[in-house]
Amino acid sequence: MAKPPIRTAAPRIKLAGTRVAMLGRPHTGRRGYASAWARAAAAFRRGNPWCLGCRAVGISTTTTVVDHVRPPMGDLDMFWNTANWQPLCSRCHESTKKRLEHMFMRGEISVADLWLNSPRAIGMTRAGVADPAKG
Ligand SMILES: [Zn+2]
């Protein structure tokens with residue numbers, strides 16, 4: 001007599017899909033993905049309110065970006081793994097982290113260097129990263 005759990009689960013999924021469709025939003029898969037990330041990132045920012053890169057050099061700056069330490073490159077497990085996330089301000093993200101990622105892609109540095117509290121990152125942040133000669 002007991003109903004298998006799948007009978008209660010299936011209508012919920014259908015209902016959720018209907019609800020999204022009723023909002024008139026195309027590409028529900030992509031939108032669902034984006035909103036899931038927005039929610040996860042917001043929760044991470046709440047738990048990590050200060051930029052890691054700035055804190056590493058003694059400054060308190062509000063987190064505005066949830067950065068993937070190692071670029072996931074389409075790897076969903078890596079994308080959603082919070083152990084691969086770091087809280088950054090937009091300045092650190094656009095300057096120090098961007099340069100570190102370029103170096104990482106060229107095989108010049110390790111994953112550990114991509115954390116903005118790593119010795120290499122701290123050195124770059126301290127030196128000021130607006131250095132066109134090193135681009
Ligand atoms: Zn910062």
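**Exercise 1.** Find which residues of the largest nonpolar core touch the most other members.

*Solution.* Keep in mind that this is a predicted model. Start with the core itself: it has 13 residues. Next, ask which elements supply two or more core residues: helix 3 (52–56), helix 5 (90–105) and helix 6 (119–127) do. As background, nonpolar side chains in soluble globular proteins tend to be buried together.

**Exercise 2.** List what cysteine 92 contacts, leaving aside neighbours within four places in sequence.

*Solution.* Go along the chain and you pick up Cys51, Gly53 and Cys54, then Lys97, Leu116 and Thr125.

**Exercise 3.** Decide whether valine 69 is buried or exposed, and explain why.

*Solution.* First, locate valine 69: it sits in the loop between strand 1 (65–68) and helix 4 (76–80). Then count: 24 other C-beta atoms lie within 10 Å. The cut-off for buried is 20 or more, so valine 69 is buried. Beyond four places in sequence, valine 69 touches Asn84, Trp85, Gln86, Leu114 and Trp115. Finally, check lysine 97: its C-alpha is 8.6 Å from that of valine 69, although 28 residues separate the two in sequence.

**Exercise 4.** Work out the order of helices and strands along the protein chain.

*Solution.* Tally six helices and two strands. Reading along the sequence then gives α-α-α-β-α-β-α-α.

Notes
Residues are numbered from 1 along each chain as its sequence is written. This is a predicted model: local features need pLDDT of at least 70, side-chain atom pairs count only at pLDDT 80 or more; totals for chains, interfaces and linings use all residues. A nonpolar core is a set of buried Ala, Val, Leu, Ile, Met, Phe, Trp, Tyr and Cys residues joined through C-beta atoms within 7 Å. A residue is buried if 20 or more other C-beta atoms lie within 10 Å of its own, exposed if 12 or fewer, and partly exposed in between; C-beta atoms are placed from the backbone. Helices (H or I, at least four residues) and strands (E, at least two) are DSSP runs, numbered from the N terminus. Two residues are in contact if their C-beta atoms, placed from the backbone, lie within 7 Å.
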